Amino acid sequence: MKRSANTGTLFLFRNSMSFRIGFGIDFHQLVAGRDLWIGGVKIPHEKGSLGHSDADVLLHAICDALLGAACLGDIGIHFPDTAAEYKDIDSKILLEKTVSLIKKENYSVVNIDSTVCLEEPRIKTFTKQMQQIIAEIAGIGVNHISIKATTTEQMGFIGRGEGIAAYATVLLIRN
Ligand SMILES: [Zn+2]
């Protein structure tokens, strides 16, 4: 009786250890003359994100969350903004490479929750498309990808339209 209870506890412990949570955050300046890429979708706007790559704030936050969950460092370590090979790169490629890195460690994505903070434009009409793009790369269903959006009520650099931020939380499971 005692033995089976102990085995059960051990089983639960091992099972819980196979899950890993990760958190990611990213910021970019918004400037004229750049495209605005968010979640792999080009959003029509008079300003775009400034960065070495296509500066997709949401995909970068998700990459960081995935790397964090697997204890693999951050996006700057794997894809340095000093490397010519990443200049103006499509961040969907960075997300693909990140998913490959976590798969190499035998992890799969369970779900992703995220929030994009920007004053304008409103991105609600694009979130379904973003979900589909991210779900396809992560290899999970669209109903496992959550993308929320908020303003900062006109406060701070985001409120003044000077920048954009994204936050992401992910859960991984070890296969
Ligand atoms: Zn970024």
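## Salt bridges

Six salt bridges, written as 6 in the computed count, are present in the structure. The model is a predicted one. Side chains of opposite charge can pair when their charged atoms come close.

One of these salt bridges joins the side chains of D35 and K42, with an N to O distance of 3.7 Å. Both partners are partly exposed: D35 has a relative accessible area of 39%, and K42 has one of 46%.

## The K92 and D90 pair

Between K92 and D90 there is a further salt bridge, in which the closest N and O atoms are 3.4 Å apart. K92 is buried, its relative accessible area being 18%, whereas D90 is partly exposed, with a value of 28%.

## Zinc site

The zinc ion is coordinated at 2.0 Å by D26 through OD, H28 through NE2 and H60 through ND1. Along the chain, these donors follow the spacing D-x1-H-x31-H. H28 lies in strand β1 (residues 19-32) and H60 lies in helix α2 (residues 57-69), so this pair of histidines ties together parts that are 32 residues apart in sequence. Both H28 and H60 are buried.

Terms used: Residues are numbered from 1 along each chain as its sequence is written. This is a predicted model: local features need pLDDT of at least 70, side-chain atom pairs count only at pLDDT 80 or more; totals for chains, interfaces and linings use all residues. Side-chain values use heavy atoms; hydrogens and water are left out. Donors are N, O and S atoms within 2.8 Å of the metal (3.2 Å for Na, K and Ca); water is not among the atoms, so sites may look incomplete. Helices (H or I, at least four residues) and strands (E, at least two) are DSSP runs, numbered from the N terminus. Buried means under 20% relative accessible area, exposed over 50%, partly exposed in between (1.4 Å probe, protein chains only). A salt bridge is a side-chain nitrogen of Lys or Arg within 4 Å of a carboxyl oxygen of Asp or Glu.
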